[in-house]
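Please open the model in a viewer and keep the selection tool at hand.

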Amino acid sequence: MDLFEYQGKQYFARYGIPVSPGAVADTVDEAVAAAEQVGYPVVVKAQVQVGGRGKAGGIKLANNADEVRFHAGNILGMDIKGHIVRRLWIERASDIKKEYYASFTLDRSKKKFLGMLSAQGGVDIEEVAKKDPSAIAIIYVDPVDGLSEAVCRQWVQEAKLDAEAVEGAVDLLLKLYDCFSKGDCDLAEINPLILTPAGKVHALDAKVTLDDSAEPRHPEWEEFKGLRQMDAREKLAAEKGLQYVGLEGSVGIIANGAGLAMATVDIVNQVGGKPANFLDIGGGANAEVMVNALTVINEDPNVNAIFINIFGGITRCDEVAKGIVEAMNRVALRAPIVARLDGTNATEGRAILTANASERLIMMPDMLNAAKRAVAIAEGK
Amino acid sequence: MAIWLDENSRVVVQGLTGSQGRFYGLRNRAYGTKIVAGTNPKKAGTDVEGIPIFASVREAVEKEGANVAFVIVPEMMAAAAVMEAAAAGVPFIVCVTEHIPMHDQAKLFNQLKRDYPTTRLLGPNCAGILSPGKANIGFTPAEVSKPGGPVGIVSRSGTLAYQALYELTESGIGQTTCVGIGGDPVPGTSFIDALAAFEADPETQAIVMIGEIGGSAEEEAAEYIVQSGLKKPVVAYIAGQSAPPGKRMGHAGAITSGNKGTAKGKMAALTAAGALVASNPTEIGALVKQALGR
């Protein structure tokens, strides 16, 4: 789960990481009230999960209520790279002497945690990485040992942060690691991490991705869930617990396992069709899950054919077949189904489909021909 | 021959008394796998369809000679279950459990490497391992496989491994072992481990490798193929060629991964390493025939 900046800062604050005081606002009036409470000057910041907010005009300084009113009015509803701004974060403006960069994430090939720290933070950190990789100090942290103060201090020295920033940076980075590990983050990133003229080090931005698998041990994550941006189809799928990604085409796709679902999207493209979605019903799907999947696909007005591609392992093909038949009885499906079943209990599953076969339910023996058939139907051939 | 699992493997199932563990444990036994024990401290002394339940893996090792552990327990218990099996001296552990938190996986991997460096963990979140005609652990539907070799399969995705088995069997080509390494961030066994094991297995003559977008494991495998001078031909498929570019957050991924992670980049790396790269899974049979000179 990706957090918005203000949520990331709230999460940082739980672990003692210094952040600027601020408040959220969903309307212009709320923005003014937030600014009065926080104290001028303030920064009005668009809350969208996409980079380049500042360049798009989504971050503005305001010195009084009129300026807040003006900027909040402009930014609310703004479209930043396809993300509509629905919420603002109003925070006390900071004096900036220096901008640094800091992050922790998993290095998948080394299987250790990767810490990156640079004295050249700010908007162009990716450029810095390309042009002058030595400007980014890197450490690998063994997850069993964690990050010690001594190692952290040496890391800060290698990154050549300003002398007056060293103590504050060591303290903040240890807390950031704590947040990353105890807080079950996939990514904890601060860009920029700032040094103020008063010699304080603090987080001016927050990019946090939480590990969804760790949710059972983090009841406090509940508050982060409200504002996720999804289209109507994705929302319905999420409610039904399905892995769904909306696409633009006309062939609805249901498969089991992320790998097979991706391969199904690929093969529909390769035979000249346009997938309407990626939908993984997961392992061990039963009839009910298939009914839900078909209900979600049926919400998409662009779908002209539905390709169900199942290779049973944990999933049993007879359960899938029962779900297909049940869904056809319960829901008026907008498009015909082309189904291909193999693997666990495929014989039983195919028998169920054969008994119910029609122009609306077509069974194909293999993946390639099933894809071709589904595409032909979707294109009206 | 086969890699890591064969007719002499004696398997203890951690989670045999749960509904999933029971279903797959018994299904694997019905295939011929020697399922010799289950564990559950609260049900020690009972049995599941004749399979004795012990309080600990150590007891299963001592009394039944278990030398493989099949971990099929809930996600918050899985890391501890793997460590228990390793501490009991089990050299090969298959963990199918899904949704183990990333930080737990990372700790588990590094702890295992430190305390039990010779122990092999397969998974987590993998489909399991099948040596056709010999033994099966996990979810793989063995009925679509064909015993006798000569092809080894290694796949991140479970369902695509099944698809590969099916394509080969339909083409009249048998398999030595089909390994699911799982798609989680910190897998215990990598593509490279499987490639090395298949290279060393005299019965395996060609290797099918199935990857997917994300991470850099496929690029590393390509590098390994070149650097190790791998002699056996590799047929590869990468899923996600037309996946929409995922939105990414922050810069850490971009700074570290560069061009790695895309299907295009992975396919190019494997092609450059001499692998035959399929554009979809239904091409696997024909490409393997070509690789075997049939």
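Begin by selecting chain B: among its contacts between residues at least 6 apart in sequence, 71% join residues at least 24 apart. Two residues are in contact if their C-beta atoms, placed from the backbone, lie within 7 Å. The model is a predicted one, in which local features need pLDDT of at least 70 and side-chain atom pairs count only at pLDDT 80 or more, whereas totals for chains, interfaces and linings use all residues. Residues are numbered from 1 along each chain as its sequence is written, and chains are lettered from A and ligands numbered from 1 in the order in which they are written.

**Chain B as a whole**

With chain B still selected, display the C-alpha trace, which spans about 55 × 50 × 30 Å along its principal axes. The radius of gyration of chain B is 19 Å, which agrees with the value near 19 Å for a compact globule of 294 residues; this radius is taken over C-alpha atoms, and the globule rule is 2.2 Å times the number of residues to the power 0.38. In cartoon view, chain B shows 10 helices and 14 strands (DSSP runs, H or I of at least four residues for helices and E of at least two for strands, numbered from the N terminus). Of the 294 residues of chain B, 60% count as buried, that is, with 20 or more other C-beta atoms within 10 Å of their own C-beta atom, placed from the backbone.

**The two domains of chain B**

Next, colour residues 10-122 as domain 1 and residues 128-292 as domain 2 of chain B; these bounds come from an automatic or database domain assignment. Between the two domains, 17 residues of domain 1 are in contact with 15 residues of domain 2. On the domain 1 side, select α1 (19-31), β5 (68-71), α4 (102-115) and β7 (120-122) of chain B, the elements that each give two or more residues. The largest share, four residues, comes from α4(B).

**A residue in the core**

Now select B:V71. Its contacts, not counting residues up to four places away in sequence, include B:Q14, B:A78, B:V82 and B:I93. B:V71 and B:I93 touch the most other members of the largest nonpolar core, which has 228 residues.

**Across to chain A**

Finally, display both chains: 55 residues of chain A are in contact with 51 residues of chain B. Select helix α8 (residues 258-270) of chain A, which gives the largest share of the chain A side, 10 residues.

Terms used
Core = buried A, V, L, I, M, F, W, Y, C linked by C-beta atoms within 7 Å. Buried ≥ 20, exposed ≤ 12 C-beta atoms within 10 Å, placed from the backbone.
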